[in-house]
There are 4 protein chains.
Amino acid sequence: MTIMSSQFRPVLDHIMAEIDRTPGRGRSADYIPALAARDPRRFGMAVAEPDGTVYGVGEWRQPFSTQSITKVFTLALDLAREGDELWEHVGREPSGNPFNSLVQLEYESGIPRNPFINAGALVVTDRLQTRTGDAAGELLAFLRAESGNDALDFDLEVAASETANGDRNAALAHFMASYGNIDNDVPVLLDQYFRQCSVAASCADLALATGFLARHGIRADGSRLLSRSQAKQVNAVMLTCGTYDAAGDFAYRVGLPGKSGVGGGIIAVVPGRCTLCVWSPGLDERGNSVAGVAALDRFTTLTGLSVF
Amino acid sequence: MTIMSSQFRPVLDHIMAEIDRTPGRGRSADYIPALAARDPRRFGMAVAEPDGTVYGVGEWRQPFSTQSITKVFTLALDLAREGDELWEHVGREPSGNPFNSLVQLEYESGIPRNPFINAGALVVTDRLQTRTGDAAGELLAFLRAESGNDALDFDLEVAASETANGDRNAALAHFMASYGNIDNDVPVLLDQYFRQCSVAASCADLALATGFLARHGIRADGSRLLSRSQAKQVNAVMLTCGTYDAAGDFAYRVGLPGKSGVGGGIIAVVPGRCTLCVWSPGLDERGNSVAGVAALDRFTTLTGLSVF
Amino acid sequence: MTIMSSQFRPVLDHIMAEIDRTPGRGRSADYIPALAARDPRRFGMAVAEPDGTVYGVGEWRQPFSTQSITKVFTLALDLAREGDELWEHVGREPSGNPFNSLVQLEYESGIPRNPFINAGALVVTDRLQTRTGDAAGELLAFLRAESGNDALDFDLEVAASETANGDRNAALAHFMASYGNIDNDVPVLLDQYFRQCSVAASCADLALATGFLARHGIRADGSRLLSRSQAKQVNAVMLTCGTYDAAGDFAYRVGLPGKSGVGGGIIAVVPGRCTLCVWSPGLDERGNSVAGVAALDRFTTLTGLSVF
Amino acid sequence: MTIMSSQFRPVLDHIMAEIDRTPGRGRSADYIPALAARDPRRFGMAVAEPDGTVYGVGEWRQPFSTQSITKVFTLALDLAREGDELWEHVGREPSGNPFNSLVQLEYESGIPRNPFINAGALVVTDRLQTRTGDAAGELLAFLRAESGNDALDFDLEVAASETANGDRNAALAHFMASYGNIDNDVPVLLDQYFRQCSVAASCADLALATGFLARHGIRADGSRLLSRSQAKQVNAVMLTCGTYDAAGDFAYRVGLPGKSGVGGGIIAVVPGRCTLCVWSPGLDERGNSVAGVAALDRFTTLTGLSVF
């Protein structure tokens, strides 16, 4: 990690000052005890440039629970391996429904709408598991390599807490299995899935790990993970499906490909220019970080770096 | 209209040659007789630059039925007048359902998901009608001014054909009226709505008329229609909701804000750079022009001008 | 009307006394002004025997707005004319959804689930209109003849009020028309439909008019309206679909074929034995008369006359 | 079992002769191998009178897989124990959807619509399991006692086959558990549930075991299982919800409380008079025995014993 005075330093400092003055911040996720304890007013933000330069404000080096943000990396890792065949098992359309809806699945015969709703991420994890034998391990290795942070790890307490509250995801997995769209045993799959979600990482780690999407598919070490076309495609899926049932609103306000997690983190990509990660545990009613969305909104307004 | 040798001329010529060699082209819309007669192999494409330069290939000056493409202009005209209040009456999230679904409306108490599904466009038209007394007339005047083509007009045969087959839209309008989300009498509203959809225009006309979205809200005559922020927002809504239930796929393949119509036309925006319009009447099963999407896909691949 | 001391007199007197002591009574319907004014504590009940004997308690001779109760008679009148062909245009399964849902219609291509949801009653009225040219007139003539009360009539104020608030039904009619399941012009159909619902009649009138369902299809004058098998079928549809989304609960508590209306009336049939009508304007949240269901529940408990 | 010349003997002989002449018979269930092998033309029918007299035709003493028929007995056994509290955990309204739909559950926060859809039967089994520690054992003991047939048993091959194909039911159970409406561990519950469904019994066995519903709650040994009111209620739930998505049609054609299973069996009750069981493995598209429904239809037509 090269920490230096990025061109974006004044912008981030400005945003930090604004956020500090903002009162309401939503509520932290409470469906598992391990997440409920977080103070919704905590805040951090980092920006990474394609050359590995990274700069941040607030608690930008504080690890938090990545949760659904890892769905982006799992998607990229599986897409790199199997290519377009993946799209026969998961769609790439916005869901138009809350993120764990079963209705859509029933309409569409067990094919989830996109890789970023839980059902879709279960399918992607299942396929990566079949191809690697250790989907969560692959993910962790990738995150460590891209961030240069070997201390990154699963948070087994969070994973255990998810498992204990995992009936909804178990229902999704069994339901898709009934349509033949899950290969691995459901308990094995859920274990892989919950461990992925449990990875603890900081804004700095995640901004760096997302870098391949700003570099059109090139990893930190210069090797290619995705083709230029695939990298564009992952960005497109993030823009249309990355923030649960608020993708339209996120595109409208922020105008960048992004992916949020209920831990309060959001990653975003300015193709060719930089990647961002923001964290604040207070969520809105659709599961996205209130201060996180506000900070990204300010970023694109101040820099003009929206894709639109 | 300034016709000159645009920088995009070689790209368009290349695409035209490819499209000529492509066999299958889908089927033209057949829900109204006035559209059914079109040969699915016809094709035209135009690109307009912010300064008004326009270039095209194939039947790029042939008028066709704009249909849902006009929803973009009606949205912009109403947004310019009432601003954010509009968003209390229509959402900006992808629908996740076929374009004329009633289910979503029932879930969400008469508030359509976005301005580009039929229900949402009816609401926007209703609001523009309340503010102007002649929504369709406003639209026509705008299209004429931006394209510089005073011959643009409604196709009253198409409008009559829509009216005669208008039970589904009548159902949508009455249904939203039952929730208090329609102000005008339903027959008046439908007349305005169907006339808007009936406008006949060419690829050249529409590429020029879309120019304000590439110029960040500035009209052809230099006056401002939308704020920079509003122009960005309209582009965002086009990207996430502009191609019926295929918005994710369009973003994935083309990577530009776009809006299609069942007449076979598609407009697209490269913010700050240019606008495009392509026409070919053969549709895929989701209502988008087969050759049109293919041509735009090639355009962004060849030029690298996707927003991702 | 032969008023005499029916065998059921002691039972009705007992029920009347119990109802008088009951506090809560729900709320009268308020979706149209003409219904909203009713005192929810008013109550009347009548029982009619197959020979035309009728006895009542409370306001059993007070006319009230029949509303959906007339759907039973319209069904019988159309079934008598066209027989089983009707069932190709409307189902006979419980709806499992609130009474004016559009979702079901969309799932099932414009064929409503049963004749007692609004969509189904619109189809039946449409078909009777096609066969008679005056569906509402046919209904009124039938009710007058069976009750022996020539003073029965439409309440045009109620009909006008329904029309002014008729967007939901207009949406249903247009929606089914879009599937080809409505023959008449929608405004003509709605006029016929709302006039039918507006008929004012008393418990005595309706208990007598329902008599043909206790007499296995035979009208008051001894002529046959329905075959024995058809009469049984109408009773079956009443039992499974007659009380909106509470058919299961009504069968569970009362155990008789019945049909309710939002005017607060309910008719019920003890096949071969008698017919009942009860009225009290206070409704529960599913649109059924609170005191009406309670009175019928007591009736079958006290007499053992449930079909189960 | 007292086999003697019942009053219904001529009727059953007549029906048997008719069925023998009927050509098409549907298809046997094929979702598990153990059921798929059955010849759809096999047929048996038995009638039991309240005093224990039983008579049958065809293969009326041939054991078959009871499947969903046992849901009636499990419901009665749990209702006898916990009474009306059960209805806070499962509804009693028709589902209006195919029998294993998840959509309804999602709408209604994990409370299944009635005890005869799979989700509802899982809840009832879960509650009986909590109260007895061995729901399947309770069921088997009850069936043996009422039929007088100690040879009745689980078919463990069928149960294993269901388990191997049990993803849909596992999804339902986990989904309801996510709403707090399942107490036991899902694998334990599924084991109990699938063993219940696997019981092999004959028409004679099941007609006798259903006797308590014709005797208003009294068991074969004269002891009371259900109150008179509860027995009426179970009959009501059977009539409105007993035959999957065809309850309305079954009421319309047969007019009796009934419950079908995908093994091809159907039980039916003529309250106060007799109980029936018919078996023929060929199913219609809604999962009910084709010849079974036809035979019951003929029975009520010939005897006039419909409840309507």
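How are α6(D) and α9(D) oriented to each other? The model is predicted, and local features need pLDDT of at least 70, side-chain atom pairs count only at pLDDT 80 or more, and totals for chains, interfaces and linings use all residues. Residues are numbered from 1 along each chain as its sequence is written, chains are lettered from A and ligands numbered from 1 in the order in which they are written, and side-chain values use heavy atoms, with hydrogens and water left out.

In chain D, helix α6 (residues 135-147) packs against helix α9 (residues 186-198) at an angle of about 20 degrees, with their axes 8 Å apart; helices here are DSSP runs of H or I with at least four residues, numbered from the N terminus, and axes are lines fitted to C-alpha atoms over the stretch in contact, with angles running from 0 to 180 degrees between N-to-C directions. The two helices are therefore roughly parallel to each other, a term for angles under 35 degrees, whereas over 145 counts as roughly antiparallel, 65 to 115 as roughly perpendicular and the rest as oblique. The crossing of α6(D) and α9(D) is right-handed, that is, the near helix is turned clockwise from the far one by less than a right angle, anticlockwise being left-handed. D:Ala135, D:Ala136 and D:Leu139 of α6(D) are in contact with D:Gln192, D:Arg195 and D:Gln196 of α9(D), where contact means heavy atoms within 4.5 Å.

In chain B, the axes of helix α8 (residues 167-178) and helix α9 (residues 186-198) come within 10 Å and cross at roughly 130 degrees, and α8(B) and α9(B) are therefore oblique to each other. Their crossing is right-handed, and it brings together B:Asn169, B:Ala170, B:Ala173 and B:His174 of α8(B) with B:Val186, B:Leu189, B:Leu190, B:Tyr193 and B:Phe194 of α9(B).

In chain A, helix α3 (residues 70-82) and helix α5 (residues 118-132) pack at about 45 degrees with their axes 9 Å apart, which makes α3(A) oblique to α5(A). This crossing is left-handed, and its contact residues include A:Lys71 and A:Asp78 of α3(A) and A:Arg127 and A:Arg131 of α5(A).

Turning to the largest pocket, 34 residues line it, and C:Leu305, C:Ser306, C:Val307, C:Phe308 and D:Val307 lie nearest its centre. A pocket is an open set of points on a 1 Å grid over the protein atoms alone, where a 1.4 Å probe fits, with protein on both sides within 12 Å along at least five of seven lines, and lining residues have an atom within 4 Å of a point. The largest share of this lining, four residues, comes from α12(D).
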